[in-house]
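Hi,

Here is the structure I promised to pass on.

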Amino acid sequence: MKKNIILLFVFASRMLAAQDLEITNWLDNKQCAVVMTFDDWLEGHEKIVVSALIEKKLSATFFVTLQGAQWKRNFFDQMRLAQENGSEIANHTITHPSLTAVSLEKAKVEIDSARKIIMDSVPGAECLTFAYPMGTWNPDIIDLLKREHIGARGVNQFNENGIHYDFASDSVDYFRISTVRVWHIVTLDKIAQWVDYAAKGGGMLTFMMHSVYNDNIAKGWDAMPEEFLTGMLDTLKSRQNKAWVTTFANAIKYHREKKASEIEFLGEKKGVKSYRLISTLNSEIYNQPLTLKMQKPTGAFVIHQGKKKMDYTISEDGLWIFFNVVPGNKEIKITLN
Ligand SMILES: [Zn+2]
């Protein structure tokens, strides 16, 4: 009996949640996540979008369809370049069928083989996210996706008040993400306005783009001229103080990890406070660093995770510090002088 009590006590003290550290809603304490998604891997993506993103140092998600891949030399070259520069190459099937109109067996092949080809052809591509061809899904399709994907985007339109932080009350909601369709009648002012709505609601905004064209590349579905794309990238850049412009996978990972994580206070010894950011998710997949916030210590201090010294930023009012850590077993140590 006595042993049980001691064990209980040890267990309880190990599970002490940290009072002085918290996980911010989005990376670097940004107010919202904004994700540009380009569907179908069209000519303009290869010849305009990839280099424009690299030039502006922005990331996006390409939901690629692979039909035609076997006929074209260098099909994956620009995808590799995008991936190397922080963008995401993600799954949009092989032949783009409406998955609810084909057999489940066929849907499974479309999902699984596209994922395998992307992972085999684009080094570093995790291929964890999906966009529904034609925007169609049902619970069986979501079950198929849940085996190896962490989220999916449809074509349902957000409404202005629909971009809020609590967009996923259960894990299926990550497979029903809405979007804003950007086509020629959406203006740059509108783009800015959508980011402002997202910042206000604290949620995850996705933009859906298709064809991007210029004098050398023909217009396709939902066409947008190259100048509009450039303007859109500049608009997002100018709002990076409040918007985390990232990939679909990173935003989903962050949101899921934050929900599944807790900061444990392990104790304080000789001016060193120890913590651990524990998560119930598989850390091999959910490897997106989370931002922790704490009151700025009055004296000097150093932060480590494991042996690594961590950088931090200080809030404008000088009261808070922010630093990024990956969930897992590596202890976080804050040394106060
Ligand atoms: Zn598509």
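Which residues of helix 4 meet which residues of helix 5? On the helix 4 side they are Leu104, Ala107, Lys108 and Ile111, and on the helix 5 side Asp140, Ile141, Leu144 and Leu145. By class, that contact has six nonpolar, no polar and two charged residues.

Before the rest, some housekeeping. This is a predicted model, where local features need pLDDT of at least 70, side-chain atom pairs count only at pLDDT 80 or more, and totals for chains, interfaces and linings use all residues. Residue numbers start from 1 along each chain, as its sequence is written.

- Helices (H or I, at least four residues) and strands (E, at least two) are DSSP runs, numbered from the N terminus.
- Two residues are in contact, or meet, if their C-beta atoms, placed from the backbone, lie within 7 Å.
- Nonpolar covers Ala, Val, Leu, Ile, Met, Phe, Trp, Tyr, Cys and Pro; charged covers Asp, Glu, Lys and Arg; polar covers the others, Gly among them.

**Domains**

The domain assignment gives domain 1 (16-25 + 259-336) and domain 2 (32-241). Those bounds come from an automatic or database domain assignment. Taken over C-alpha atoms, the centres of domain 1 and domain 2 are 32 Å apart.

**Helix packing**

Back to helix 4 and helix 5 (residues 139-146): their axes come within 10 Å and cross at roughly 35 degrees. Axes here are lines fitted to C-alpha atoms, for helices over the stretch in contact, and angles run from 0 to 180 degrees between N-to-C directions.

The crossing of helix 2 with helix 7 is right-handed. From helix 2 come Ile48, Val49, Ala52 and Lys56, which meet Glu226, Leu229, Thr230, Leu233 and Lys237 of helix 7. Sorted by class, the contact of helix 2 with helix 7 has five nonpolar, one polar and three charged residues.

The other is helix 6 (residues 188-201), whose axis is 10 Å from that of helix 7, at an angle of about 30 degrees. Helix 6 is therefore roughly parallel to helix 7. Helix 6 also passes helix 7 in a right-handed crossing. Leu188, Ile191, Ala192 and Val195 in helix 6 meet Gly231, Met232, Thr235 and Leu236 in helix 7. That contact divides into six nonpolar, two polar and no charged residues.

**Buried residues**

Thr61 sits in strand 3 (residues 61-64). Thr61 counts as buried because 25 other C-beta atoms lie within 10 Å (the cut-offs: buried at 20 or more other C-beta atoms within 10 Å of its own, exposed at 12 or fewer, partly exposed in between, with C-beta atoms placed from the backbone). Beyond residues up to four places away in sequence, Thr61 touches Val35, Thr37, Ser87, Glu88, Ala90, Thr129, Thr247 and Phe248. Thr129 is 68 residues from Thr61 in sequence, with 9.3 Å between their C-alpha atoms.

Ile177, in strand 7 (residues 177-181), is buried too, with 24 other C-beta atoms within 10 Å. Leaving out neighbours within four places in sequence, Ile177 contacts Gly151, Ala152, Arg153, Gly154 and Thr206.

**Exposed residues and positive phi**

Asp120 lies in helix 4 (residues 104-121) and is exposed, with 11 other C-beta atoms within 10 Å.

Most residues other than glycine have a negative phi. Lys57, in the loop between helix 2 and strand 3, has phi near 55 degrees, and Lys57 is exposed, with 12 other C-beta atoms within 10 Å. Asn74, in the loop between strand 3 and helix 3 (77-84), has a positive phi of about 60 degrees. Asn74 is exposed as well, with 8 other C-beta atoms within 10 Å.

Cheers

Terms used
A crossing is left-handed if the near helix is turned anticlockwise from the far one by less than a right angle, and right-handed if clockwise. Angles under 35 degrees count as roughly parallel, over 145 as roughly antiparallel, 65 to 115 as roughly perpendicular and the rest as oblique.
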